[in-house]
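Please study the sequence and the structure before reading each solution.

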Amino acid sequence: MQDATSQLGESPEFTVLRIHYNRKDRRYENWGLHAWGDVSVHTFWEKPLYATGSDGFGLYWDVQVKPKGLLNFIIHKGEIKDCSGLISIGHADFWVISECSTIFTEKPDLDSMPKGNLSFSRAYWVSQKLLAWNMEIEHAQFSMFASKNANLNLSAGGVKGEDLVIQLEEEQGRLPIKVIEKFPHIAHYKALKLPDGLDKKYLVKSQLAIACIDADGIPVDATGIQLPGVLDDLFSYDGPLGPIFTQNSVMLHLWAPTAQSVCVLVYLSPSGGSLLESVQMKEDNGVWSVCGPKSWEGKYYLYEVTVFHASTQHVETCLVNDPYSRGLSANGERSLFVDLDNGSLKPEGWDSLAGEKPQFEAFTDITIYELHIRDFSVGDKSVDPNLRGTYLAFTLPDSAGVCHLKKLAESGLTHLHLLPSFHFAAVDDNKENWKFIDDERLASLAPDSEEQQAQIVTIQDEDSYNWGYNPVLWGVPKGSYSTNPNGSSRILEFREMVRALNSIGLRVIMDVVYNHLHASGPNDKDSILDKVVPGYYLRRNTDGLVENSTCVNNTASEHYMVNRLIIDDLLLWATEYKVDGFRFDLMGHLMKNTMISARNALDRLSREKNGVDGAKVYMYGEGWDFGEVAHNGRGINASQLNLTGTGIGSFNDHIRDSVLGGSPFGPPLQQGFVTGLSLQPNEHNHGNKDDVTKYLASTTDWIHVGLSGNLREFVFTNHEGLEVKGSEVQTHDGVPVGYAGSPKETINYVSAHDNETLFDIIMLKAAKEVPLEERCRINHLATSIVALSQGIPFFHAGDDMLRSKSLDRDSYNSGDWFNRLDFTYESNNWGVGLPPKEKNGNNWPLMKRLLGNPSLRAGKHHILSAHENFQNLLRIRRSSPLFRLGTANAIQARVCFHNTGPSWIPGAIVMSIKDGDKGMPGLAQLDPLYRSVVVIFNARPSEFVAPISALKSLPLTLHSIQEASSDARVKTSFYDASTGTFKIPPRTTSVFVEAR
């Protein structure tokens, strides 16, 4: 141990204060003290103070402090926090005990202290007959305590205040395999058996605790109990939930097995007003039900649930929405009795829409465009002001935005991905409560001014904007996007939006956020699931505290009824709103079994029975593997590597990072294939020349894998000249680049709503001397890699218009100002001020230099050129099925890369795709027009000239779409059949075809 005074320094102005720390487990390794306030030197979180020494009480720290000052402290080990508080300095010694909030000014008697902590839930009731607890002590006795009124308390003598005490019996050996599969993180826990004959359905409604005493009867520990295991074992349910409408009645069903009482409260108005009636519901095996009159339809309701809540240690009575609500009043204040099958809520032709949807043959025919509902129309002056930012803006056939989407659809775009549109928090549904900033005032400010963001931040939590990743209720459209947030308008208008988009050739994808909830606990107005069955829907750690690795309130799809709710919700959107696909936010935090079950449930939907062809509904998401679920920590999760062979897509971050450079979490100047790595370096120190050249070569292999569908089994020649599989190409930290089993499992992309826009990241990474025209070509080059890859291409709205967010790397709450789209193509929103300081401030000096440079402002001709080039890429992809191969075998047999191995010319990728001839042996013929295609991506700032012997003598010509384009540079692309030599101009993607 190291003397703390040596860490803080010595000064006559300071005196020494000693903090004593005790842990009952006596495990003190790596615990440190974070101290600030009136101390001689503030500590850094990453470098806490080492203990000065130890004694019979535990560890202690000597801290240099100012007399009569204030000391803030936290004792922690990494991110695990224990004791903390504020000390008013007046004593020389203070004592703290692990998990005890009291700061003692006299040494406490440890024997008189309670052993354990009932505010934690460290034991698990894993099945009807078994509990599990991480308590290893010989000759111990274990007991479970129950109190219906939550009267349990802990003293030095043990647990008191119980209605019932149950003796538990130690089981020999490990927990059963089925338990370990469900709870792998507690596989090493001790198994404790409950006696027969218990009324377990009564017990789960009570406050519960477990305690351990040693052979002498002395208390050792006590804790609360987590219940999801036994709830699944006893109460898994597949019957009706939510409101069910018949000709003469309305039935309600609520799954709430731990509730002691449930009433339904019925109201006439969406808020305020008097209560019409309160009806007690009846329970049957954990499900509470009531049959009400048909007159309830059109009225509003809430549940009144009385239930023990572990987070407060009290029995709470909560007013809460129906988790299976189908309608809401503004801000979800009340649920709405609404029958989704009511004819008044169906647009014309709604029931036959499935037969009129845009057709495609295979998922690999899909091309996705990601768009925020408000971004689409809020700045569109061709839209009625009352409809801007709403669902109905998509129904206006002559608006600038809809015309833009029509052009993309005609070119080959198939699916529109809408950011969250379910009921989320952080945006008031009542438009009259929104606050606004004077746009004219903001527009008058300098392009690199701090003032724009300062004004936006003052209202950012009271304005009309948020991305929507704050889920409150999954099964109801968001009210702020409707013309009336009360009543059923949002239902009809969402359906009209879907129908309108289908009519212009676009299927609709919904962004779903099942990995977390915005709120929890019994008091937050936006907490719903955790009020109904506290502690069940949310994933908890081994202390019983809610996991927050997603951002907050992680959900637990490994629990049966969470899994069911997710699948029920997907089926609702697919059948009642005819949504054509689902993008899963942080999909890796869901279990693989949930995703497979959802896929199977969708596949069972038919046009004849359900009005939907479920097999045409596509599923994809973010397969990131981190947090408590990483490496299958909570079961087999839906990560990139685990989803191979499921037909479910996941975002390919490897092609994004190799194309652009670095990662969203690294230095912003790190370059990649298209942004100048090795060939036109910026001021970032990428390493010595040889290392940078080698890194460019190795990450170009990542692009080869991505272009071939990111398949794990695809074999090609790497930069070293070796034959390797996609899975054998690895990232710097040893993760396989290729992971997909088929191309439909890969979403290739270089930009999305997260992080900087494509244009902005190029502006950051390109070398200072690169002019705007060349930066625009880099934008096109990056989109071309995505558009012409095997798999499913994904684009962020505005990639085709050089969209900028003025370099904002996280615009989720940056208002309309930083998120605007201009479908008149007059502006790309570059240089509208420095982006909000909270997420961008560290890079303001770099950003100021760029935003203030007038030569970097794109004009209308730049934007129109990008838009045309993007449409041409869509047309080229659609022109040949060779760009949309459906199987791994087809890709392996037809796709080949040239310019590989040690002698490659850096910065250029040459890809050929061959077809067969009808009636001839070998490959089947897929393309009636072309026998082969060759694509060359030249990211070099200079011309690429190379003979490709394998392509010699082929009668190749530049694709007719590029020949007819207004891009003069691509038209200079040249191929000499006699030598197989290609000449490709700088920063250009050229497509050659061999016509039949």
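**Exercise 1.** How many cavities of 30 Å³ or more does a search of the whole structure find?

Solution. The model is a predicted one. Rolling a probe the size of a water molecule over the atoms shows where empty space is left. Applied to the whole structure, the search finds nine cavities of 30 Å³ or more.

**Exercise 2.** Describe the largest cavity by its volume and its lining.

Solution. Step 1: the volume. The largest cavity holds about 120 Å³ of space.

Step 1: the residues. The lining consists of 17 residues, and those closest to the centre of the cavity are Y124, F183, Q226, H559 and R634.

Step 2: the elements. At least two lining residues come from each of β8 (123-125) and α4 (228-235).

Step 3: the classes. Seven of the lining residues are nonpolar, five are polar and five are charged.

**Exercise 3.** Determine how helices α17 and α21 are arranged relative to each other.

Solution. Step 1: the geometry. The two helices pack at an angle of about 20°, and their axes are 10 Å apart.

Step 1: the classification. Angles under 35 degrees count as roughly parallel, and α17 is therefore roughly parallel to α21.

Step 2: the crossing. The crossing in which α17 passes α21 is right-handed.

Step 3: the contact. On the α17 side, L772, E773, C776, H780, T783, S784 and A787 take part, and they meet H862, N869, F870, L873 and R877 of α21. This contact comprises five nonpolar, five polar and two charged residues.

**Exercise 4.** Which residues line the second largest cavity, and which element gives the largest share of the lining?

Solution. Step 1: the volume. About 80 Å³ of space lies in this second largest cavity.

Step 1: the residues. The lining is formed by R777, H780, N869, N872, L873, I876, Q962, S965, D967, V970, T988 and T989.

Step 2: the elements. The largest share, four residues, belongs to α21.

Step 3: the classes. The lining has three nonpolar, seven polar and two charged residues.

Step 4: the link to Exercise 3. H780, N869 and L873 belong to the contact of α17 with α21, and H780, N869 and L873 also line the second largest cavity.

**Exercise 5.** Are helices α14 and α15 parallel or oblique to each other?

Solution. Step 1: the geometry. Helix α14 (residues 653-660) packs against helix α15 (residues 689-707) at an angle of about 135°, with the axes 9 Å apart.

Step 1: the classification. Angles over 145 degrees would count as roughly antiparallel, and those from 65 to 115 as roughly perpendicular. α14 and α15 are therefore oblique to each other.

Step 2: the crossing. α14 passes α15 in a left-handed manner.

Step 3: the contact. From α14, the residues H654, I655, D657, S658 and V659 meet T699, W702, I703, G706 and L707 of α15. Sorted by class, the contact contains five nonpolar, four polar and one charged residues.

**Exercise 6.** Describe the second largest pocket and its lining.

Solution. Step 1: the volume. The second largest pocket contains about 1,500 Å³ of space.

Step 1: the residues. There are 36 lining residues, with R23, D25, E99, R122 and D543 nearest the centre.

Step 2: the elements. Two or more residues of the lining come from each of β6 (80-88) and β16 (219-226). The largest share, five residues, is that of β6.

Step 3: the classes. The lining divides into twelve nonpolar, ten polar and 14 charged residues.

Note on methods. Residues are numbered from 1 along each chain as its sequence is written. This is a predicted model: local features need pLDDT of at least 70, side-chain atom pairs count only at pLDDT 80 or more; totals for chains, interfaces and linings use all residues. Side-chain values use heavy atoms; hydrogens and water are left out. Axes are lines fitted to C-alpha atoms, for helices over the stretch in contact, and angles run from 0 to 180 degrees between N-to-C directions. A crossing is left-handed if the near helix is turned anticlockwise from the far one by less than a right angle, and right-handed if clockwise. Contact means heavy atoms within 4.5 Å. Ala, Val, Leu, Ile, Met, Phe, Trp, Tyr, Cys and Pro count as nonpolar, Asp, Glu, Lys and Arg as charged, and the others, Gly among them, as polar. On a 1 Å grid over the protein atoms alone, a cavity is a set of points where a 1.4 Å probe fits but cannot get out, and a pocket is an open set with protein on both sides within 12 Å along at least five of seven lines; lining residues have an atom within 4 Å of a point. Grid points are joined across faces, edges and corners, and a volume is the space filled by probe spheres set on the points.
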